[in-house]
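Subject: Structure handover and notes

Hello,

Here is the structure I said I would pass on. Please open it next to this message and follow along as you read.

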Amino acid sequence: MSSGASWLPADVPDRTRLVTMPFGRVFVVDVGPAQGVKSVAPPLVLLHGLFVTHYAFHRLIPRLATERRVIALDLPGSGDSDHPNVEEADDYSFDWLAEAVVETTGALDVGHFDLVGHDYGGAVSVALAAAHPQRVRRLLLAAPLA
């Protein structure tokens, strides 16, 4: 399957799409070897910072997606994801966003993963790892908002 993203090599499988969740649609860049293809590492989930989107990782994703599945979300309320009602989304708290990521990765049939969080996504990553340690194999924080 060829890539729809101009920054992604054409030979990297691209399953990028909107995923419908109870709280709204989440834009998911889902690239690299498909589920079931032998990979040394579990999927890598990338969470962006405040006022940016998955595109913050556009130079990193192609380098990683040749060997492993890479998933970069636009967090709910950001980018191409839907913007749930603030009251229903617990004011977009770190804990609520962490649960939204857990639900979204579950919908993608991803059980456990390595997690990278930058800035605001770093705080969401910490909340996710604390609430669901069985889901996170490794946690990398880059300038986390704490």
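Below are notes on the sheet, the helices, the cores, the aromatic rings and the salt bridges. Please keep in mind that this is a predicted model.

The sheet

The sheet is open and has 6 strands, in the order β1-β2-β4-β3-β5-β6, and its pairing is mixed. β1 and β6 (136–142) are the edge strands; each has a single partner, so one side of each has no neighbour in the sheet. On average, neighbouring strands are turned by 25 degrees against each other, with direction ignored.

Strands in a sheet pair through backbone hydrogen bonds, and the pairing is either parallel or antiparallel. Both kinds turn up in this model, as the mixed pairing says:

- β1 and β2 are antiparallel, with 5 bridges between them. Leu 18 has Phe 27 in β2 as its bridge partner.
- β2 and β4 also run antiparallel, joined by 4 bridges. Here Val 31 is opposite Val 70 in β4.
- β3 and β4 are parallel, again over 4 bridges. Leu 46 has Ala 72 in β4 as its bridge partner.

α2 lies across β1, β2, β3, β4 and β5, and runs at about 110 degrees to β1. α3 packs on the sheet as well, touching β3, β5 and β6, and its direction makes about 145 degrees with that of β5.

In soluble globular proteins, nonpolar side chains tend to be buried together. The largest nonpolar core in this model has 28 residues, and the members that touch the most others are Leu 47 and Leu 128. At least two residues come from each of β1 (17–21), β2 (24–31), β3 (44–47), β4 (70–73), α2 (94–107), β5 (113–118) and α3 (120–131). Which element gives the largest share of this core? It is α2, with 6 residues.

To see how Leu 128 sits in the fold, set aside its neighbours within four places in sequence. Leu 128 is then in contact with Ala 98, Val 101, Val 102, Phe 113, Leu 115 and Val 136. There is also a second, separate core of 13 residues, and its members include Leu 8, Val 12, Leu 46 and Ala 72.

The aromatic rings

The count of aromatic pairs is 3. In one of them, the ring centres of Tyr 92 and Trp 96 are 6.0 Å apart and the planes stand at 90 degrees, so this pair is edge-to-face. Tyr 92 has a relative accessibility of 16% and therefore counts as buried. Trp 96 is buried too, also with a relative accessible area of 16%.

The salt bridges

There are 6 salt bridges by count. I describe some of them here.

Asp 30 and Arg 69 meet through their side chains, at 2.7 Å from N to O. Asp 30 is in strand β2 and Arg 69 is in the loop between α1 (61–64) and β4, so this pair links parts of the chain that are 39 residues apart. Asp 30 is buried at 0% relative accessibility, and Arg 69 is buried at 8%. These two also belong to a network of salt bridges that links Arg 15, Arg 17, Asp 30 and Arg 69.

Asp 114 takes part in two of the bridges described here. With Arg 68, the N to O distance is 2.7 Å. Asp 114 lies in strand β5 and Arg 68 in the loop between α1 and β4, so the pair ties together parts 46 residues apart in sequence. Both residues are buried. With Arg 137, the closest N and O atoms of the salt bridge are 2.9 Å apart. Arg 137 is in strand β6, 23 residues from Asp 114. Asp 114 is buried, with 5% relative accessible area, whereas Arg 137 counts as partly exposed at 40%.

Regards

Methods:
Residues are numbered from 1 along each chain as its sequence is written. This is a predicted model: local features need pLDDT of at least 70, side-chain atom pairs count only at pLDDT 80 or more; totals for chains, interfaces and linings use all residues. Side-chain values use heavy atoms; hydrogens and water are left out. A nonpolar core is a set of buried Ala, Val, Leu, Ile, Met, Phe, Trp, Tyr and Cys residues joined through side-chain atoms within 4.5 Å. Buried means under 20% relative accessible area, exposed over 50%, partly exposed in between (1.4 Å probe, protein chains only). Contact means heavy atoms within 4.5 Å. Two strands pair if DSSP finds at least two bridges between them. Axes are lines fitted to C-alpha atoms, for helices over the stretch in contact, and angles run from 0 to 180 degrees between N-to-C directions. Rings of Phe, Tyr and Trp (its six-membered ring) pair if their centres lie within 6.5 Å; planes under 30 degrees apart count as stacked, over 60 as edge-to-face and the rest as tilted. A salt bridge is a side-chain nitrogen of Lys or Arg within 4 Å of a carboxyl oxygen of Asp or Glu.
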